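Hi,

Here is the two-chain model I promised to pass on. Have a look at it first, and my notes follow below.

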Amino acid sequence: MACGLGVFLAGAIQFATVFLRAGPLTAPVWLTELATNLHAIMIFFAVGITLAATRHVRLSGFKKAGGNGIGVRFFTVVLAVAFAITLALVALPYVLASWQTGEGSREIGGLSGLYWVKSGLLLLAFGIGAGAVVSGCRGPKHRVS
Amino acid sequence: MAAYLPFDLILVVLAFAALLSGVPVAVALGGTSVMVGVLGSLLGVFDPVLLFAIPARLFGVATGNLLTAVPLFVLMGLVLEKSGLVSDMIKAVTGAVDAQPSGSRQTGGSRLPIAVVGVGLLLAASTGIVGASVVMLGLLTLKPMIDQGVPPHRAAGVVAATGTMGQIVPPSIVLIVLGDQLSNAYRTMQLDAGVFAPDTVSVSDLFAGGLVPGVLLAACYIVHLAWVGRRDRFAFLADVVEDDTSELTVIKQTVKETFWYRIVPLAAPLALIVSVLGSILMGLATPTEAASVGLIATLVLVALRREASNRRASKLGLLVVAVASAAFSITLNAPSVLAIGLFACSSGALLALVFLGVQRLVRDQQFATVLIEAAHLTAMIFFIVFAASVFALVFRGFGGDERLTALFEILPGGTYGALFFVMVAIFLLGFFLEFLEICTLIVPLVAPVLLALPMGDGSPMNPVWLGILIALNLQTSFLTPPFGVSLFYLRSVAPAGMNDWTLYRGVAPFIALQLFVLVAVFFVPPLATALPNWLFQG
């Protein structure tokens, strides 16, 4: 719900920039960046939750073959945890470098504190690992989008 | 010894094995990629530096301007569906056809199926969500069509085929994801060829490219339905239905009722389509900006939606929109203190209407549902794009792209042979893979190689043409039994007596029509490329 609200807010901010630009005012750069950054943070946050809720898409044509078996759950957890650990390991130096330089927007008038947004990659890695474990414990339900 | 192992093929085989075993798509792609990548690094056949490129790639995907449009279009489609605007539109069209004067309704006629195609085109251009379109059309039009004497198989075929038009008619989520992948592939191809100031292909190009084939497809459906309806009418000429209630309905309909229940429900999506597509095609807004305009416009439409309990509010809302639009026009033409004041007033009015729209969704207990669904769908799409991005990185790291190039070079038929091979592969994969997997898994692998192949006249392949061919191909495979996704959706809402064979029989002519349009675009590329060239380069 919070993630959806974030996406909705990002849309509203995006619209505000279009509206301001179309009118007699100009849309500040930081407003555009706010929409993009908000969107990115919501995505990093929502991936894990969606995985935990077993809402990620699986092959629809092989529903019966996919099944809810313990084997599928086991492989899901193994692959997701492998992905999460690798992502965390390679993202850590990337995020630390951003923190060390106090990275901000490259645009004049843009937002500072880009390192906070980049830290979302670690949140993504944690979310994928934790979400897969929670999903594995619950037992997957098929979700065909 | 490890150097001789085809790690790129091992990666593909493992990824497909994981996919087929039922592991979530994103987990299957991402997990196998990093495991094979790390193994390759340990064996010294994969450059581990490439793995450290993953965070920058994922961050680029999450903050890229292009894919930010996806959640906004998803939200827009969900608000349209959950607020009842879509069902209003369908009822308005089917109701208008149903309320024809006595004697005009004929068993097996073509009027209602053709109206359903028209509604499907509007739905495709406003929501772009195939599942929602098929389910809504199935729920609201299958029974009326069958009641009017349309054969059940044809009614099912119309709904399934029309519902999939959201794949090709902009603003389509498929075209946005495809545009992102093709844009990357086109840049990669040019950089590989030593072009360091590469041309780009945008989602706007693909949207413009999809418009003519989409309309052509709808026209083919309509011609087909008119033809078979005419044939049926001759066969059942004696079965003209006398329907006094229809006549009575027409007489009773006042101009006011017609306006609120027939014209407004149809004008609303038309206004939405004009505001979203118009702003993109005229170059006034990027797809992401247009998506945000579409979302806010949808909420305004929800606020203006005619309800028995809220007629006064609807009238007031229409008045506010008219005044705000006039104020906004004055503002644009004469910037002054007064103009800024009017601008502020119109902004306030717009804000009030958006608030009213949200409030109506909250009152109907749909707002939370919309947000949660949108968050889940968006997260799912982005996770697959993340994982596919890692998969493509590792695949290329093992030299998989070179192997593909070598494969295409030995295929008979040159460029067209390679393209035909890829199209057949995508068609077959479409039976059991979702569009997302194909767009994010297959397209990044084959598109850079295909785009580098010369056409008959020596010019490079047009990426818009390739994108539209892939989108049309995907649409066809989603309709093809036994795994067509559209058929799964329709089956979930089909009447009890309608079995699988009825569905298969119904979609067969529409699959033929889709293949006809696909072949037409293949042999006449300007069908896909002329409009974007004219709009954006001419």
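**What I found**

Let me start with one residue: Ala28(B) sits in helix 2 of chain B, residues 25-42 (helices are DSSP runs of H or I, at least four residues, and strands are runs of E, at least two, numbered from the N terminus). Before going on, please note that this is a predicted model, in which local features need pLDDT of at least 70 and side-chain atom pairs count only at pLDDT 80 or more, while totals for chains, interfaces and linings use all residues. Residues are numbered from 1 along each chain as its sequence is written, chains are lettered from A and ligands numbered from 1 in the order in which they are written, and side-chain values use heavy atoms, with hydrogens and water left out.

Back to Ala28(B): is this residue buried or exposed? Ala28(B) is buried, because its relative accessible area is 0% (buried means under 20%, exposed over 50%, partly exposed in between, with a 1.4 Å probe and protein chains only). Leaving aside residues up to four places away in sequence, Ala28(B) touches Leu79(A) as well as Ala15(B), Ala18(B), Leu19(B) and Val23(B); a contact here means heavy atoms within 4.5 Å.

Chain B has 23 helices and zero strands. Of its 538 residues, 58% are buried. Taking contacts in chain B between residues at least 6 apart in sequence, 81% join residues at least 24 apart. Its accessible surface is about 20900 Å², and carbon and sulfur atoms hold 70% of that (Shrake-Rupley method, 1.4 Å probe; for residues, only the protein chains shown count as cover).

Chain A has five helices and zero strands, so you read α-α-α-α-α along its sequence. For contacts between residues at least 6 apart, 75% join residues at least 24 apart in chain A. The accessible surface of chain A is about 6600 Å², with 71% belonging to carbon and sulfur atoms.

Helix 2 of chain A is worth a look. Its 24 residues (29-52) reach 36 Å from first C-alpha to last, close to the 34 Å expected at 1.5 Å a residue (that is, 1.5 Å times one less than the number of residues). This helix bends by about 30° at Ala46(A), the bend being the angle between axes fitted to the seven residues ending there and the seven starting there. Thr54(A) follows helix 2 of chain A and has a positive phi, near 55°.

**Cysteines**

How many disulfides does the structure hold? Zero, over all chains (a disulfide being a pair of cysteine sulfur atoms within 2.5 Å). Cys220(B) is buried at a relative accessible area of 13%, and Cys439(B) is buried at 0%.

**Confidence**

The model scores ipTM 0.89 and pTM 0.76. Chain A averages a pLDDT of 79 and chain B 77 (pLDDT is the predictor's confidence in each residue, from 0 to 100). In chain B, helix 11 (residues 244-252) is lowest at a mean of 49, and helix 22 (residues 500-523) highest at 90. Over residues 234-245 of chain B, pLDDT stays under 50. Where pLDDT is low, the predicted coordinates should not be read in detail.

Cheers
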